[in-house]
Amino acid sequence: MISKIDHLGIAVPNLEEGIEIYKSMGFEYCGREVVEEQNVETAFFKIGESMIELLAPTDPSSPIARFIQKNGGKGGIAHIAVNVPDLKSKLESLKKAGLQLIDETPKTGAHGASIAFVHPKSTGGVLFEFCQKKDQ
Ligand code: ZN
């Protein structure tokens, strides 16, 4: 079962500036973390049970660097992440349903969560991240 939106992933060209903007809007800041596997540095803001995840590239090869480049040098909503209790079996059922997976096997995201992306080509244009929390 998909239980909730875990977070909205928002690309920002500069993480410090992004953090200041979200703080000035009154969002509760929860800290930052480099995610080596994705070549990004993230910053989290809590909204009830969900989060906003700001993503800034740490390397030009990062998918977030390509997103910002395609978007005329600006940030924007990069992905929607939802929680699932068992990511491996979810990926199998997504494959069976004919959806194109970017990650056939789970990768490690922020906070040690297991994550996998589904290609926007097969979801009507939205990049979805399925994630299983470390403690789930
Ligand atoms: Zn994410």
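The model is predicted. Its zinc ion has protein donors in His 7, Glu 53, His 79 and Glu 129. Ring pairs join Tyr 22, Phe 27, Tyr 29 and Phe 45 into a cluster, and the structure holds zero disulfides.

**The zinc site**

- The zinc ion is held by His 7 and His 79 through their NE2 atoms, and by Glu 53 and Glu 129 through OE atoms.
- These donors lie 2.1 to 2.3 Å from the zinc ion.
- The angles among the four donor atoms run from 84 to 165 degrees, and the site is classed as irregular.
- Along the chain, the donors follow the spacing H-x45-E-x25-H-x49-E.

**The aromatic rings**

- The structure contains three aromatic pairs.
- One of them joins Tyr 22 and Phe 27: the ring centres are 5.6 Å apart and the planes stand at 40 degrees, so this pair is tilted.
- Within that pair, Tyr 22 is buried, with a relative accessible area of 13%, whereas Phe 27 is partly exposed at 27% relative accessibility.
- Tyr 22 also pairs with Phe 45; here the centres are 5.6 Å apart and the planes stand at 35 degrees, so this pair is tilted too.
- Tyr 22 belongs to helix 1 (residues 15-24) and Phe 45 to strand 3 (residues 40-47), so their pairing ties together parts that are 23 residues apart in sequence.
- Tyr 22 and Phe 45 are both buried.
- Tyr 29 is another member of the ring cluster, and Lys 23 lies over its face, at 4.7 Å from the ring centre.

**The two sides of helix 1**

- The buried residues of helix 1 are Leu 15, Gly 18, Ile 19 and Tyr 22.
- These residues lie on the same side of helix 1, because they cover an arc of only 100 degrees around the axis.
- Glu 17 and Ser 24 are exposed, and they sit on the face of helix 1 turned away from its buried side.

**The two sides of helix 2**

- In helix 2 (residues 63-70), the buried residues are Ile 64, Ala 65 and Ile 68.
- Their arc around the axis is only 105 degrees, which puts them on the same side of helix 2.
- The other side of helix 2 carries the exposed residues Gln 69 and Lys 70.

**The cysteines**

- Why does the structure hold zero disulfides? The closest cysteine sulfur to that of Cys 30 is in Cys 131, at 15 Å, which is too far for a bond.
- A disulfide requires the two sulfur atoms to be within 2.5 Å.
- Seen from Cys 131, the closest cysteine sulfur is that of Cys 30, again 15 Å away and too far for a bond.
- Cys 30 is partly exposed, with a relative accessible area of 38%, whereas Cys 131 is buried, with 2% relative accessibility.

Note on methods. Residues numbered from 1 in each chain as written. Predicted model: local features only at pLDDT ≥ 70, side-chain atom pairs only at ≥ 80, totals over all residues. Heavy atoms only, no water. Buried < 20%, exposed > 50% of the residue type's maximum accessible area, 1.4 Å probe, protein only. Donors = N, O, S within 2.8 Å, 3.2 Å for Na, K, Ca; no water. Tetrahedral: all angles 85-135°; square planar, octahedral: opposite > 155°, others 65-115°. Phe/Tyr/Trp six-rings, centres within 6.5 Å; stacked < 30°, edge-to-face > 60°. Helix = DSSP H or I, 4+ residues; strand = E, 2+ residues; numbered from the N terminus. Lys NZ or Arg CZ within 6 Å of the ring centre and 35° of its normal. Arc of directions from axis to C-beta.
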